[in-house]
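The sequence and model come first.

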Amino acid sequence: VSDGTAKYAQVTTEQGRLNLRADKSTDAELLKRIPQNVYVQVLSYGSDWCYVNYNGTKGYVMTKFLTII
């Protein structure tokens with residue numbers, strides 16, 4: 001996301017929640033768990049990981065569990 005326009009995505013994971021991580025790794029510190037169907041602000045988009053803002057906490061989530069709107 002580089003045009004300065006805020007982008008949002010919906011959490012669409014089958015597990016019912018999505019882990020918000022401190023870094024781009026499934027072993028990284030778990031910051032929060034984001035509930036299913038919640039919207040997050042996408043700050044940076046990548047093919048594997050997105051950097052997002054969820055209720056004021058910024059971290060990384062796996063791209064495949066997001067639906068960009």
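A residue is called buried under 20% relative accessible area, exposed over 50%, and partly exposed in between, with a 1.4 Å probe and protein chains only. On that scale Tyr39 is partly exposed because its relative accessibility is 46%.

The model is predicted, so local features need pLDDT of at least 70 and side-chain atom pairs count only at pLDDT 80 or more, while totals for chains, interfaces and linings use all residues. Residues are numbered from 1 along each chain as its sequence is written, and side-chain values use heavy atoms, with hydrogens and water left out.

**Overall fold**

The protein chain has zero helices and seven strands, and the order of elements from the N terminus is β-β-β-β-β-β-β. Helices (H or I, at least four residues) and strands (E, at least two) are DSSP runs numbered from the N terminus. The C-alpha trace spans about 30 × 25 × 20 Å along its principal axes. The radius of gyration of the chain is 11 Å, which agrees with the value near 11 Å for a compact globule of 69 residues; this radius is taken over C-alpha atoms, and the globule rule is 2.2 Å times the number of residues to the power 0.38. Of the 69 residues, 32% are buried. Contact means heavy atoms within 4.5 Å. Among contacts between residues at least 6 apart in sequence, 48% join residues at least 24 apart.

**Nonpolar core**

A nonpolar core is a set of buried Ala, Val, Leu, Ile, Met, Phe, Trp, Tyr and Cys residues joined through side-chain atoms within 4.5 Å. In soluble globular proteins, nonpolar side chains tend to be buried together. The largest such core here has 12 residues: Ala9, Val11, Leu18, Leu20, Ile34, Val40, Val42, Cys50, Val52, Tyr54, Val61 and Leu66. Strands S1 (7-11), S2, S4 (39-44) and S5 (49-54) each give two or more residues to this core, and S5 gives the most, with three. Leu18 is one of the core residues. Leaving aside neighbours within four places in sequence, Leu18 is in contact with Val11, Thr13, Lys32, Arg33, Ile34, Val61, Phe65 and Leu66.

**Largest pocket**

Pockets and cavities are found on a 1 Å grid over the protein atoms alone: a cavity is a set of points where a 1.4 Å probe fits but cannot get out, and a pocket is an open set with protein on both sides within 12 Å along at least five of seven lines; lining residues have an atom within 4 Å of a point. The largest pocket has a volume of about 150 Å³, the volume being the space filled by probe spheres set on the points, with grid points joined across faces, edges and corners. Its lining consists of Thr13, Gln15, Arg17, Leu18, Asn19, Arg21, Thr26, Trp49, Val61, Met62 and Phe65. By class the lining has five nonpolar, four polar and two charged residues. Ala, Val, Leu, Ile, Met, Phe, Trp, Tyr, Cys and Pro count as nonpolar, Asp, Glu, Lys and Arg as charged, and the others, Gly among them, as polar.

**Single residues**

Gln10 lies in strand S1 and counts as buried because its relative accessibility is 19%. Apart from neighbours within four places in sequence, Gln10 is in contact with Asn37, Val38, Tyr39, Phe65, Leu66 and Thr67. Tyr39, in strand S4, touches Ala9, Gln10 and Ile69, not counting residues up to four places away in sequence.

Asn37 is in the loop between S3 (30-35) and S4. Asn37 has a positive phi of about 75° although it is not a glycine, and at 44% relative accessibility it is partly exposed. Asn55, in the loop between S5 and S6, also has a positive phi, near 50°. Asn55 is exposed, with a relative accessible area of 63%.

| Pair | Separation in sequence | C-alpha to C-alpha distance |
|---|---|---|
| Thr5 and Thr57 | 52 residues | 19 Å |
| Tyr39 and Tyr54 | 15 residues | 8.0 Å |
| Ser25 and Trp49 | 24 residues | 8.7 Å |

Thr5 is in the segment before S1 and is partly exposed, with a relative accessible area of 43%. Ser25 is in the loop between S2 and S3 and is partly exposed, with a relative accessible area of 26%.
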